[in-house]
Amino acid sequence: MIFDTHAHYDDNQFEEDCETLLNSMADGGIGTIVDVGSSIASWAKIEELVKRYPFMYGAIGVHPDEIGELDEVQFQRMRELLKNEKMVAVGEIGLDYYWDKEEHDLQKKWFIRQLNLAKELNKPVIIHSRDAAADTLDIMKEHARGLSGVIHCFSYSAELAREYIKMGFYLGIGGVVTFKNSKKLKEIVREIPLESLVLETDSPYLAPVPNRGKRNSSLNLVYVAEEIAGLKGISYDEVVEQTEKNAKKLYRL
Ligand code: NI
């Protein structure tokens, strides 16, 4: 079944119909979902979700856009929350120079601290990096040695893709690969072995064609899997099976 490695059902956009939607996942072919932390406010909601739904797991972290709210007290709370065995990764963490909401030095500082926390707790990491290719790679080379994880919503070059795969990371592929103007990403998906790709939605964001612009949910991953199958000239089932295997390896399930 389909494994969604990156979703945000803690988001307010799911407030009204979260239960109905999550109860429909099995019928829609979705087997497992990892709900990824972005803000400090998301953590308590993720705790609730993973307690309630056996097929859901969580990640705890602070997104670079929200890093201004992180302090030592909350960092300690992160460490405690990650001791729950259903919390399978540290994330999402990284650098975002596109929205550029926080000082670069502050983003870097907490990115490194969270990488080190992942090392301390022996958990994989979920990396968010936008318009910050060089700084992300520098930090990863220096501080992510020995770590594994996923580069979420991969948006850089084929050369960088190969570099991260060499470091033992997976590439997260979502709705963007179905967009007509995503030529570079389509090329990367064609080239990179299926063994290094995982499926993700980033729900409620980045819905694939034909639902582009609408609220996204894990149910839309069928369109992403179909696109990958078409690009690689393999069957839909092979994409679903192999990416599920990869995701389980990634999150050690
Ligand atoms: Ni996300």
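1. The largest pocket holds about 1000 Å³ of space. On a 1 Å grid over the protein atoms alone, a pocket is an open set of points where a 1.4 Å probe fits, with protein on both sides within 12 Å along at least five of seven lines. Its volume is the space filled by probe spheres set on the points.

2. The model is predicted: local features need pLDDT of at least 70, side-chain atom pairs count only at pLDDT 80 or more, and totals for chains, interfaces and linings use all residues. Residues are numbered from 1 along each chain as its sequence is written, and side-chain values use heavy atoms, without hydrogens and water.

3. The lining of the largest pocket (residues with an atom within 4 Å of a point) has 34 residues, and Trp-99, His-128, Arg-130, Asp-202 and Leu-206 lie nearest the centre. At least two lining residues come from each of α2, β4 (87-96), β5 (125-130) and α7 (183-191). Helices (H or I, at least four residues) and strands (E, at least two) are DSSP runs, numbered from the N terminus. The lining splits into 11 nonpolar, 11 polar and 12 charged residues. Here Ala, Val, Leu, Ile, Met, Phe, Trp, Tyr, Cys and Pro count as nonpolar, Asp, Glu, Lys and Arg as charged, and the others, Gly among them, as polar.

4. The second largest pocket has a volume of about 270 Å³. Of its 13 lining residues, Tyr-9, Cys-18, Lys-45, Glu-48 and Leu-49 lie nearest the centre. Two or more come from each of α1 (18-23) and α2, and α2 gives the largest share, 4 residues. By class the lining has 5 nonpolar, 1 polar and 7 charged residues.

5. Helix α2 (residues 40-52) also packs with helix α3 (residues 72-81), at an angle of about 20° and with axes 12 Å apart. Axes are lines fitted to C-alpha atoms, for helices over the stretch in contact, and angles run from 0 to 180 degrees between N-to-C directions. The two helices are therefore roughly parallel (angles under 35 degrees). Ile-40, Trp-43, Ala-44 and Glu-47 in α2 meet Gln-74, Arg-77, Met-78 and Leu-81 in α3, contact meaning heavy atoms within 4.5 Å. These residues divide into 5 nonpolar, 1 polar and 2 charged.

6. Helices α8 (residues 221-232) and α9 (residues 236-251) pack at about 110°, with axes 8 Å apart. That makes α8 roughly perpendicular to α9 (65 to 115 degrees). Val-222, Ala-225, Glu-226, Ile-228 and Ala-229 in α8 meet Tyr-236, Val-239 and Val-240 in α9. The contact has 7 nonpolar residues, no polar and 1 charged.

Notes:
Parallel < 35°, antiparallel > 145°, perpendicular 65-115°, else oblique.
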